[in-house]
Amino acid sequence: MTDPRPPRYFEMPETDTSVHWKPPHAYDTTTPVTVWEPPASAPENGTDSALDRALARPGKRRRGLFALLAGSLAIGTAQCGVAVYEAWQYSNWFSGLWAGLGVLAAGFLARGVFKELKRLSRLRRHARLRERLEDDSAPVGTLDDLARHMGLGRDDPHLLAWQQAQADHHDERERQLLFEHHVLAPRDREARRLITRMSTETAALVAISPMTLLDMGLMAWRNVRMIDRLARLYGLELGYASRLTLCRHVLSNMAFAGASEIAVDMGAELVTMNLAEKLSSRAAQGLGSGLLSARLGLRTQRMLRPLPFREEERPRISHIRRQLWQQVKGSNEAEPR
Amino acid sequence: MAWTLPKHLRDVLERGLDRQVRLAVTGLSRAGKTAFLTSLINQLRHAGLDAQLELVSAVREHRLLGAQRVDQPDLSIPRFPYDEAMASLQASPAAWPTPTRGMSELRLAIKYRTRRASRHLTGEEATLTLDLIDYPGEWLLDLPMLQQDFHDWSGTMASLMTPERRAFMSTWLEKASAHTPDSVVEEQTLAELAAHYTDGLHQARRDGGFYFIQPGRFLLPGELRDAPVLQFYPLVQLEGWSREALDALPADSLYQTLKARFEHYKRHVITPFYKSYFQRFDRQVVLVDVLTALNSGPAVFNELRYTMNALMQSFNYGRNGLFSRLFTPRIDRLAIAATKADHVTPDQHDALQTLLSTLMSQPLQDMRYANIPARAFALASIRATTVKKLENVTPNALALSGRTLEDQEVLLFPGDVPSTLPDETFWARQGFSFTPFHPARHTSGALPHIRMDALLDWLLGDKWL
Ligand SMILES: Nc1nc2c(ncn2[C@@H]2O[C@H](COP(=O)(O)OP(=O)(O)OP(=O)(O)O)[C@@H](O)[C@H]2O)c(=O)[nH]1
Ligand SMILES: [Mg+2]
C-alpha cells in the first residue's frame with residue numbers, strides 16, 4: 001500500500017487560481033461547515049455578478065434611509081413607552097391606550113421591515129449561490145445548500161427522487177445534471193405552463209378592456225403576480241423590496257437585451273401573422289401585451305432558475321406564441337370589427 | 001399517429017435514418033474489454049428496470065425500453081459469450097470472465113421511444129441496432145504493423161529494447177546475434193530462434209507487464225501454431241547495413257527469408273483480420289488500464305503511451321454524412337476510459353481522468369484537429385468494491401472494502417492517483433501498488449458499475465434521440 005502523497009503534488013492542474021479544487025485533505029483541517037455556509041452579509045468582493053451588482057447598488061443609498069427609519073422607529077417606540085408609563089402613573093387612560101397602540105404599530109412595522117430585509121437577503125443569497133454553481137468548480141455540497149435554500153422539504157418527492165438517483169461515485173457535474181432533471185425540470189415545466197397561461201390571460205383581458213388606463217393597471221397587476229408565482233416556484237418568497245429589485249433587474253435586463261432581440265421575438269411574429277389584415281387594433285394591443293408579458297415571464301424564469309439554462313434547453317417565446325395567437329384570434333372573431 | 005408506414009418500408013427507412021451503430025471496443029490485453037462488453041449488454045438489458053443508468057438521458061426520460069440479442073450479421077464467427085461471463089460472475093466463488101482466445105460478435109437490438117419529429121411518420125417506437133465484437137487484445141497490436149515494412153519494423157523493435165526489456169529477451173538476443181543478415185540459416189534453427197523470441201515476448205508480457213508486444217499472434221497463435229508464417233523475428237542488429245545492401249541480398253539469406261515471412265504474415269494474417277472487423281466502425285471506446293501500468297513502473301508506463309499512440313493511427317476517423325454512413329462509415333465520436341476505477345476511492349477519479357488525458361494527449365489532439373468529439377472517463381465496468389467512510393480515523397477519509405485476489409476481505413485506502421505523470425525521483429522513491437480485486441458475487445439484477453451510464457450517454461445518446 002502506498003502512502004498518500006502530500007497534497008501539494010495535486011495542486012498542479014489547471015485550476016491554480018481557484019480556491020475550490022483543493023484535495024479533500026484540505027477540508028479535514030478546517031471546519032467544513034464554515035466553508036460552505038455563505039456569509040449572508042458580506043458582499044465585499046463577491047459582487048461581480050450582474051444580478052448581485054444590481055441588488056447591491058442601492059445598498060449605499062439606502063443606508064441613510066434605513067438609519068432614519070430605524071432611528072425614528074426607536075425614538076417613537078421609546079416615546080410611546082414613556083407615554084404609557086406616564087399614563088399609568090397619572091391614570092390618564094385614553095392617552096395611555098393611544099400610546100399602547102403606538103407601541104404595537106411600531107412592533108408591526110419593525111417586524112415588517114425585518115421580514116423584508118430577510119427576504120431581500122434571501123434573494124441575494126440565491127443570486128450568489130447561482131453564481132457559484134455557474135462556474136464548474138463549485139465546491140462539494142453547493143447543491144445541497146441550494147436544495148435547502150429552495151425550501152424543499154425532506155419528503156419532497158422531487159428531492160427524494162434526486163437523492164435516490166445519486167450514487168456515491170458521482171461527481172459534482174453529474175449530481176448537477178441529475179438535480180436539473182429531477183428537481184428543476186418539473187419546475188421548469190410548471191413555470192412554462194404558468195407563463196403561457198398568464199400571458200394568454202393578459203392578452204385576452206387587454207383585448208377586451210375598454211380603456212387604456214385600465215390596460216396599464218391590468219398589465220402591472222398581472223405581471224407582478226406572475227413574477228411572484230415564478231419566484232415561489234423556484235423556492236423564493238418575495239417581499240416588497242425584493243420584488244422591486246427583481247422587477248427592476250428583469251426590466252433592465254430586458255432593455256439591455258436590446259431592440260434586435262425584441263424585433264426578432266415580436267417583429268417576425270407581427271409580420272408573419274399579417275396583423276394588419278386580420279386584427280382589430282384592440283386585439284393587436286392584446287397580442288402585444290401578451291407577448292410582452294410572456295417575454296417578461298421568460299426573462300424572470302431565466303433569472304430565477306438556480307442553475308442557468310443550457311443553450312438548447314432555454315425556453316423560447318416561440319413556444320408560447322402559438323397559444324397566444326389562438327387566444328387572441330378567438331377573442332378577435334368574437335368582437336365585431 | 002393514426003397513420004404509420006407499413007413495416008417493410010419502415011426497415012428501409014431505419015437503415016438510412018442512422019439507426020445502426022458498430023461500436024469499436026479498443027483495448028490492449030487485460031484492459032477490460034470483455035468485462036466492459038458483459039456489463040454493457042447487462043446494463044442495456046436491464047435498462048429502465050433495475051439498472052442504475054441515471055446519467056443516460058433516454059433512461060431518465062423513460063424512453064429506453066430495453067435490449068435483446070438478435071442474430072448477428074456474420075454467422076460464421078462465435079457469439080460473444082455473454083451467458084458464460086454472467087455465469088462465472090454468479091458462480092460461488094465469483095470469478096472474472098476468462099481471458100479471450102478468439103473473435104466473437106454480438107448484435108443487440110435496443111428499443112426506444114423516439115423524440116424526433118419524424119416519429120409522426122415512422123411510429124414512436126424505434127430500434128437501434130448495436131454491433132459489438134470482442135477479440136484478444138494481443139491481436140490488436142498487429143494493426144500498426146500494417147503500415148511498416150520489415151526494415152522499419154526491425155528498427156522500431158530495436159528502439160524499444162530498453163534495458164528492462166532486454167532482460168526478458170536475453171536468450172533470444174544472444175542466440176540471434178550469432179547470425180548475420182546475409183548468412184543462410186537452416187529451417188530448424190530459424191524455428192528455434194523464433195521460439196526463443198516468442199518465449200521472450202511471453203515473459204516480457206507476463207512478468208514485465210510490457211505492452212508493445214509484436215507480433216500479437218505469437219502470443220495467441222490459435223490454429224496457426226507452428227506454421228512457418230509465425231516463425232520470424234525482427235533483426236535488431238542492422239548497424240553497418242544500408243537498406244540497399246540488404247535489399248540486394250539473395251533470396252535465401254536470413255534477411256530475405258524473414259522479410260518474406262513478415263510480408264506473408266501481414267498479407268494473410270493481419271489484413272483479413274483488419275478488413276473484416278476493424279474497418280467499419282461508427283463509434284469507439286478506448287479502454288486503458290492506467291492503474292496496472294502505474295503499478296509496473298515508469299518504463300512500462302511510457303511504453304503504454306507509445307503503444308496507444310501507435311494504435312490510434314489504425315482507425316478511420318471523420319464525419320459521417322448519409323453517404324459515408326451507408327458505404328464507408330468512419331468513427332465520428334469516441335470515448336477514452338480509464339478502466340477499473342473501482343480500484344481507487346471516488347475522490348481519485350478526477351485525477352485518474354486527468355492522468356488518462358495526459359497519457360492520451362497526442363491522440364486527443366489529433367481528434368480535436370479532426371473535429372471529432374472525444375471525452376475521457378474514469379470507469380468501472382463491473383464494480384468490485386464498495387466505498388466506506390472512515391469516521392474515527394480521520395474525518396471524511398475514504399476507504400474501499402472488497403475481496404483481494406488472494407481471497408481476503410480488506411478495508412484499504414489504495415493510494416492516491418497522480419494527476420500528472422510522476423517524475424523520476426518519485427518513481428525511485430515510492431512507486432504505486434494498486435490492489436486488484438475479486439468480483440463480488442452477483443445474485444440478481446443489473447451489474448454494479450461506475451459511470452457506464454455516463455459513457456453510454458456520450459457514445460450513443462444522440463443515436464436514440
Ligand atoms: N475491479 C475491476 N476489475 C476489472 C474490471 N474490468 C476488468 N477488470 C479486471 O481486469 C481483468 C481483465 O479483464 P478482461 O475484461 O478479461 O480484459 P480483456 O480486455 O477482455 O482482456 P483480453 O481478453 O485478454 O484481451 C479482469 O480479469 C479483472 O481482473 C472492473 O470494472 N473492475
Ligand atoms: Mg477479453
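Visitor: In strand 10 of chain B, which residue is the bridge partner of B:Gly402?

Guide: Strands of a sheet pair through backbone hydrogen bonds, either parallel or antiparallel. In this predicted model, B:Gly402 has B:Val410 of strand 10 as its bridge partner. Strands here are DSSP runs of E with at least two residues, and helices are runs of H or I with at least four, both numbered from the N terminus.

Visitor: Over how many bridges do strand 9 and strand 10 of chain B pair?

Guide: Two strands count as paired if DSSP finds at least two bridges between them. Strand 9 (residues 397-403) and strand 10 of chain B pair over 4 bridges, in the antiparallel sense.

Visitor: What is the strand order of the open sheet in chain B?

Guide: The order is 8-9-10, an open sheet of 3 strands with antiparallel pairing. Strand 8 (386-390) and strand 10 (409-412) of chain B each have a single partner strand, so they form the edges, and one side of each has no neighbour in the sheet.

Visitor: Now the ligand, please. Which residues come nearest to ligand 1?

Guide: A residue is near a molecule or strand if one of its heavy atoms lies within 4 Å of it. Around ligand 1 there are 20 residues, of which B:Lys33, B:Thr34, B:Ala35, B:Thr100 and B:Gly137 come nearest. Helix 2 (residues 33-45) of chain B gives the most to this shell, with 3 residues.

Visitor: Which polar atoms lie by the oxygen atoms of ligand 1?

Guide: A polar side-chain atom of B:Lys33 is 2.7 Å from an oxygen atom of ligand 1. For B:Lys340, a polar side-chain atom lies 3.0 Å from a ligand oxygen. B:Ile382 uses a polar backbone atom, again 3.0 Å from an oxygen atom of the ligand.

Visitor: And chain A: how many helices and strands does it have?

Guide: Chain A has 13 helices and 0 strands.

Visitor: Is A:Leu123 buried or exposed?

Guide: Buried means under 20% relative accessible area, exposed over 50%, and partly exposed in between (1.4 Å probe, protein chains only). A:Leu123, in helix 5 (residues 93-134) of chain A, is buried because its relative accessible area is 3%. Of the 337 residues of chain A, 41% count as buried.

Notes
Residues numbered from 1 in each chain as written. Chains lettered and ligands numbered in written order. Predicted model: local features only at pLDDT ≥ 70, side-chain atom pairs only at ≥ 80, totals over all residues. Heavy atoms only, no water. Polar contact = N/O pair within 3.5 Å; in protein donor to acceptor, adjacent residues only side chain to side chain.
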